[in-house]
Amino acid sequence: MQANWDANTIDLHWYNGDTELTVPSASQSCTYDGTLTPPATIPTKTGYTFKGWTIRGLPSEYTKLQYIEFTGDQYIDTGVTVDQTSDVDVDFQSTSDGLVWLFGARDYNGTNIIHKFSVQYISSSSNKIWIQFDNTTSLEYGAPTGLTNQSQRLARHRVRLSGNKCYLDDNLIYTITDTYTNFSSVNTLLIGSNRASSGVSGVRFKGKIYSFVYNKGENRRFNGIPAKRNSDNVVGMYDTVSKTFFTNAGTGSFVAGPVAQ
């Protein structure tokens, strides 16, 4: 007797963000190990450059979560470095009405900062996001509207730092006009913290992160999806680029959000 096999057929759907595309070929069937044909229509979004398609699903060893929550002791070391072409896009909701690092990568020469690429959120006294880029000697400030009271500051937002431009909820809020020089960081990009002269900063993020995407030039370097590892229920972010599960590099544990549908 000889076993006979038929390849499984999978129904696939293409999404522009969270909305399924309605263009021809937006949905298709594919056999296991078959070839996919992406839709001919390229999605567009104001202020963004289309970088390609990403698989939304995770390996079966992981469960996708709506978010992971930082309590002020945790951070993730992405292992990637930044330069002047770097583009970070993070979907988050702060639970702290004070200054906390959302993400950052800084290099030091002794005690002097020589490279910066980071966002600190948010000053309740000035209602401003603190932006750092390149080797500027002081913090640059964006003053977006809609952050003038606590409920607005603690609402869900998206921040994007693309080169020397900072966006809040898809609106350009600040362009750093200091001399634009080439740089490449030695220290790696952190989620929920930044580098201090003595190591990782203790002023860490408190809140929920729904997604974290990092592009370097035209290349996607990190696509972090909140997830739980099924074998031991450890919470972290699964990077679909490196196919690596990133756990907490600080102390304590992330709090798992609800399971994503």
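The protein chain has one helix and 23 strands; helices (H or I, at least four residues) and strands (E, at least two) are DSSP runs, numbered from the N terminus. This is a predicted model, in which local features need pLDDT of at least 70 and side-chain atom pairs count only at pLDDT 80 or more, while totals for chains, interfaces and linings use all residues. Residues are numbered from 1 along each chain as its sequence is written, and side-chain values use heavy atoms, with hydrogens and water left out.

On contacts, meaning heavy atoms within 4.5 Å: of those between residues at least 6 apart in sequence, 63% join residues at least 24 apart.

Next, surface and burial. The chain's accessible surface is about 13300 Å², and carbon and sulfur atoms account for 47% of that. Areas come from the Shrake-Rupley method with a 1.4 Å probe; for residues, only the protein chains shown count as cover. Of the 261 residues, 44% are buried. Buried is under 20% relative accessible area, exposed is over 50%, and partly exposed is in between (1.4 Å probe, protein chains only).

A nonpolar core here is a set of buried Ala, Val, Leu, Ile, Met, Phe, Trp, Tyr and Cys residues joined through side-chain atoms within 4.5 Å. The largest has 39 residues, and the members touching the most others are Phe103, Ile129, Val159, Leu189 and Phe212. Another core, of six residues, lies apart from it and includes Leu58, Tyr62, Ala227 and Phe245.

Now the charged pairs. The structure holds six salt bridges, each a side-chain nitrogen of Lys or Arg within 4 Å of a carboxyl oxygen of Asp or Glu.

Aspartate 77 pairs with arginine 195, with 3.6 Å between the closest N and O atoms. Aspartate 77 is in strand 7 (residues 76-77) and arginine 195 in strand 17 (residues 195-196), 118 residues apart. Aspartate 77 is partly exposed, at 29% relative accessibility, whereas arginine 195 is buried, at 13%.

Where do arginine 160 and aspartate 87 sit in the chain? Arginine 160 is in strand 13 (residues 156-162) and aspartate 87 in strand 8 (residues 86-94), 73 residues apart. Their salt bridge is 2.5 Å, N to O. Both ends are buried: arginine 160 at 6%, aspartate 87 at 8%.

Aspartate 91 is buried, at 11%; arginine 156 is partly exposed, at 43%.
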